[in-house]
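Me: I am new to this one. Please show me the structure, and then I will ask about it piece by piece.

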Amino acid sequence: MGALRRTHWLAHLVLIAGVATFVFPVYMAIIGSTHDLGTIARGELSLRPGPHAIENYTRAWESGQGERVRGTPVRRMMTNSLIMALTIATGKIAISILSAFAVAFFAFPLRMFFFWMIFVTLMLPVEVRIIPTYKVVSDLGMINTVPGLTIPLIASATATLIFRQFFLTVPDEMVDAAKIDGAGPMRFFWSILMPLSSTTIAALFVILFIYGWNQYLWPLLITTRSELNTVVIGITKMIGTSDAQTDWQLIMATAVMAMLPPVAVMILMQRWFVKGLTETEK
Amino acid sequence: MNTKVLTAAAAILVIAAVFTPGQGAGQVPAASLMAQAPGQRVTIEFWHGLGQPGGGILEGFAADFNNAQSQYRVNASYKGSYPETMVAAIAAFRAGNAPHIVQMFEVGTATMMAAKGAIKPVHELMKEAGVPFDASIYLPAIRSYYSTADGKLISMPFNSSTTVMFWNKDAFRRAGLNPDQPPKTWNELRAAAQRIRAANAAPCGFTYAWPTWTQLENFSAIHDVPLATKTNGFEGFDTELTINSPLHVRHVQFMMDMLKEGSFKYGGRDAAGDALFPSGECAIIHGSSGLRGRIVREARFGWGTAFLPYYEDVKGAPKNSIIGGASFWVMTSPRRTKEEYRAVAEFFKFLGRPEVAAKWHIETGFLPITFPAIQQVQSMGYYEQNPGTDIPYKQLTRTLPSKNSKGLRLGNMPEIRVVVYEEWEKAFQGQQTAKQAMDAAVQRGNEILRRFQRTAVTQ
Amino acid sequence: MTRRAIFDNKLLPYVLVAPQLAITLVFFFWPAGQAIYQSLFRQDPFGLRTEFVWFENFAHVLGDPAYRGAVGITVLFSGAVIGVALLTGLLLAVTADQQIRGAGVYTTLLMWPYAVAPAVAAALWLFIFHPAIGIVGRVLVRMGLHWDFSLNGVHAVILIIIAAAWKQVSYNFIFFLAGLQSIPKSVLEAASVDGAGGRHRFWKIVFPLLSPTTFFLLLVNVIYAFFDTFGVIHALTRGGPGKATETLIYKVYVDGVVNLDLGGSSAQSVILLLVVVTLTAIQFRYVERRVHY
């Protein structure tokens, strides 16, 4: 048991170092949101929180009603972000899991061709094809709409890829057993495959939710009404351009608030990780 | 965990979210905004690239316009930074639903102008809409920047800034310099910066933001030397850069010498250098007039505003400085109606009012762009109460613009600026001489201009 | 790579793939095709005047010394980011997977970086490393290192590697952990009963079982390093100083969005697309063979 205790100590050290390094910028964001602008701009930001937390957070939350700042209330932006993120995450998972199921569990002509077609979407980033994509969306009359915001982003290859990876590890015996039981492929999918994939789905949900949450360029292009702004657009709007002044402390406060839903999602998903673990013990 | 229920719920959620109309937006495609029902307001789309607080104030003006009458409605939206707004406008134009008005930064002027079929010149717009419009109320340096070579206004000026010098009075005092006397010439500036460093009155003597704008474009204007042939590109797209002239090379060498001796610190590209002054790090800075707001908020020392320095042995110097900022362009579309153009014209007339320009100037630090606005601000006693706020416009109107200080009209100017950044950065790191840097900049810059010329309409 | 045990239905697979394929065709292939087609033209940004120039854009791009420089930087940058991100993610995931107190807390904290919006994350890094106002930057300067990433190319590259890898470590961590936690406990218990020591157990048993995840992450990290790091570079160095941090994808963006050279930018994207497709095909062909399903 001595060896075990040593490993524990080492593990803690590694993790603490990891947390310190990797969480440091996030920590600084929180610190930055509690100071006033002058302190930050003069480079006097310390590692300890400052006294302006309440003032900054209230101002950021209400920024839509400020007299000089005509933004959209953070409340509104958060709702928009939430809708976008949830739609994209669930949409992506839904269609990807079906495609991956087809690619992994069936043999049909053009199987690998379809897989590659889906996969290659990762290699031409949206910034490059933004003008023609805008045209397509505009021609379909989808500007300023939720479908326009979400559907073009739903064709995810990442999710399909990871589901495929995972499905390839499912033991053949399970499929054989299902067949013997007379279960068709869809039955197999619902009753056996889905529960098995729970950790994967949970992880993907976190990633895709955040991906949808942090979307900037696409919603910016597709919407012309500020009521539809997402929280990330709001933050970038605050960071401003050349001649503008940057309210760093308000940006940090909004950024921290913007982080909370994804973090909440993560914490929720963590429980699923654990649950998934116990279920696969079967 | 019942995965069946879960998946069903997810599916329902997706379907519901995807096929329900968005909040407050409805399923209204932009195209149908063009077709107005009789009795309804004529709505126009206005895209801008101003973050807060400027963007908010601008959108406030749009709201004021909407409230002041019942025929027209301006829908203002923020489309990201200026390059992003540009791309958005291009994408929309190609899709057939360009916004009515788009804000474009000053260095995109040539690109917008070359897009002859896509834009409607302002002078034409006002005339066709029958809205009386007097372009002479605009400050000459501003008006000339956005006009054709023969003086016709193509885009509507709105947010213009110019470059000024700020100096740290407390640091000057600590170095034994007269705190109320900013350097007037480059030699004086260098001497001051050296004194400050020698006395360690501040960690850094001199820096600047927007390197190409302050040290090349404005530098050329102030010293009355051309940046490029054909009146800095106003007279044709077959222009060529002349920034490897002896004076230009001399100035780059001057900066390199100051860097080497430690009296100058390179602050980085674009606005990166801004941070170095309000923090007290550098005692002298050349930056945008708009930096003032930030200095007021953040600086904890006495400071002042001054004209940019010049080389006293150059004939004709100092002339007026040139502007930065952005202007409003009117875009065409196959579905535009005369009513919509009228709405744009009326909105522009509204924005040109002295109260609007005065409020914009006071609240954002951008220049007062019309003479009536300046008069109004003066009569409010604003300039007495806020010393230094009149320096920007004074420097801009110091002289009437000459051929070399009208501004510039070079295609792909953002790209050329980056070329200059790169060559200077190499020189500052000791990888090449000043002459090599400027020769390279001219060669690369001319390639860019030729590429632009090839795709543009020759005037 | 095919499974042995599969289903026989002929029509069902097509139905299952259909939704994703439909969206991909409409919203990816159709616009992507147009974007690629643009690489054969010289045109002004608004599309008012176009000139068909065959492969002139490609020739110009490949002959540009700046492009070759960008290739070098991209290789260095991507290699570093992928290496650092994968190894660190794995290390942290393995450590967090152990039965130690507070594993849950560590896990949550380590996942946070992924939630920060890219624009904000970059701003934060600027804050921390800025030589004048950054908390670490000032320390570095005081240590006499002349830390200045706006003028020193090497410093700039280091900064973007750190910032880019940082985000990706979180991502890798999440998936490695999910992969580790889906390994049945029974397998691990069996291994320790057999007397396999910790390290041995890891490399001989856990790592092979983790290989589908590793393979997936390798693919994704390559794509991340080549494409998604654009945001980090844009916010921190804009490709400078000189051209020290101009990677291939950054060049694509700059030429397309800032310089509005749509033909040249499309040509570069096509080249980049081909490069990454090749890289990925190689991975599928040679690396997947060693993946233990």
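Me: What covers the buried residues of α10(A)?
Reply: This is a predicted model. The cover includes helices of chain A and a helix of chain C.

Me: Which residues of α10(A) are buried, and where on the helix do they lie?
Reply: Helix α10 of chain A spans residues 185-196. Its buried residues are A:P185, A:F188, A:F189, A:L193 and A:L196. Seen down the axis of α10(A), they fall within an arc of 100°, so they line one face of the helix.

Me: Which element gives the most to the side of chain C that touches chain A?
Reply: In this contact, 87 residues of chain C meet 83 residues of chain A. The chain C side divides into 65 nonpolar, 17 polar and five charged residues. With 17 residues, the element that gives the most to that side is α1(C).

Me: How many helices and strands are there in chain C?
Reply: Along the sequence, the pattern is α-β-β-α-α-α-α-α-α-α-α-α-α-α. Counted by type, that chain has twelve helices and two strands.

Me: Which residue of β7(B) stands opposite B:T207?
Reply: Strand β6 of chain B covers residues 204-208, and five of its five residues are buried. β6(B) pairs with β7(B), residues 282-288, in the parallel sense over four bridges. Opposite B:T207 stands B:I285.

Conventions. Residues are numbered from 1 along each chain as its sequence is written. Chains are lettered from A and ligands numbered from 1 in the order in which they are written. This is a predicted model: local features need pLDDT of at least 70, side-chain atom pairs count only at pLDDT 80 or more; totals for chains, interfaces and linings use all residues. A residue is buried if 20 or more other C-beta atoms lie within 10 Å of its own, exposed if 12 or fewer, and partly exposed in between; C-beta atoms are placed from the backbone. The arc is that of the directions from the helix axis to the C-beta atoms. Two residues are in contact if their C-beta atoms, placed from the backbone, lie within 7 Å. Ala, Val, Leu, Ile, Met, Phe, Trp, Tyr, Cys and Pro count as nonpolar, Asp, Glu, Lys and Arg as charged, and the others, Gly among them, as polar. Two strands pair if DSSP finds at least two bridges between them.
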